[in-house]
Amino acid sequence: MVKQVVISLTLVVITGSCKAQNAGCNSVKRGKVVERTTEKFNARRYYAKRQGGDYQFENHRQGKVRQFGGDNGSDFVEYARKDTELFGTYKEFYGKTKTLKKVGRYYYNEFNIGIWKLYDENGYLVETIDKDAPYRNYPWEKVEKFIRENLKLIYQTALL
């Protein structure tokens, strides 16, 4: 009985302390805390399942996902968006190391929003870009509210 309780508690602690593959982490680099990502592109699954030049699938967390690239050492690209959401996630991975290179949010491949992060091949954050900075006085949320309330337009989400 005690042995089963110890095993159960051990499993709870291990499970609770594990992080997903795409979770970021922080580390100390030259005396200061620097953001670091551990996310990698799953090239094995991609090459096994792609048809033609890309691989498309549905994921319960990400929605519809489209991956492409990787040929002749090029970078891998991933677009993901749920049908019920206007914005999706764009990710780019280094072709050689498969580590996350760039991540951000987009609207139908037309424009980028929010904070975009760029990482080096070792996963260290090297730059953040605020795509909303030029539009501080008129953010997307105000545009969306105006469309819904004043223009009474109903818009549908486009497919990837």
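Guide: A nonpolar core is a set of buried Ala, Val, Leu, Ile, Met, Phe, Trp, Tyr and Cys residues joined through side-chain atoms within 4.5 Å. Buried means under 20% relative accessible area, exposed over 50%, and partly exposed in between (1.4 Å probe, protein chains only).

Visitor: Okay! Which residues make up the largest nonpolar core here?

Guide: It has 12 residues: F41, A43, Y46, Y55, F57, V65, F76, A80, F93, L100, V103 and Y119. The elements giving two or more residues to this core are α2 (43-49), β3 (54-59), β5 (76-81) and β7 (100-107). Helices (H or I, at least four residues) and strands (E, at least two) are DSSP runs, numbered from the N terminus.

Visitor: Which other core lies apart from it?

Guide: Another core, of 6 residues, lies apart from it, with L86, F87, Y108 and W140 among them. In soluble globular proteins, nonpolar side chains tend to be buried together.

Visitor: What does F41 touch?

Guide: Leaving out residues up to four places away in sequence, F41 touches Y46, Q67, F76, F93 and K98. A contact means heavy atoms within 4.5 Å.

Visitor: Where does this model come from?

Guide: This is a predicted model, where local features need pLDDT of at least 70, side-chain atom pairs count only at pLDDT 80 or more, and totals for chains, interfaces and linings use all residues. Residues are numbered from 1 along each chain as its sequence is written, and side-chain values use heavy atoms, with hydrogens and water left out.

Visitor: What's the mean pLDDT, then?

Guide: The mean is 80, and 75% of the residues reach 70 or more. pLDDT is the predictor's confidence in each residue, from 0 to 100.

Visitor: New topic: where is D132?

Guide: D132 sits in the loop between β9 (125-130) and α3.

Visitor: Why does D132 count as partly exposed?

Guide: Because its relative accessibility is 28%.
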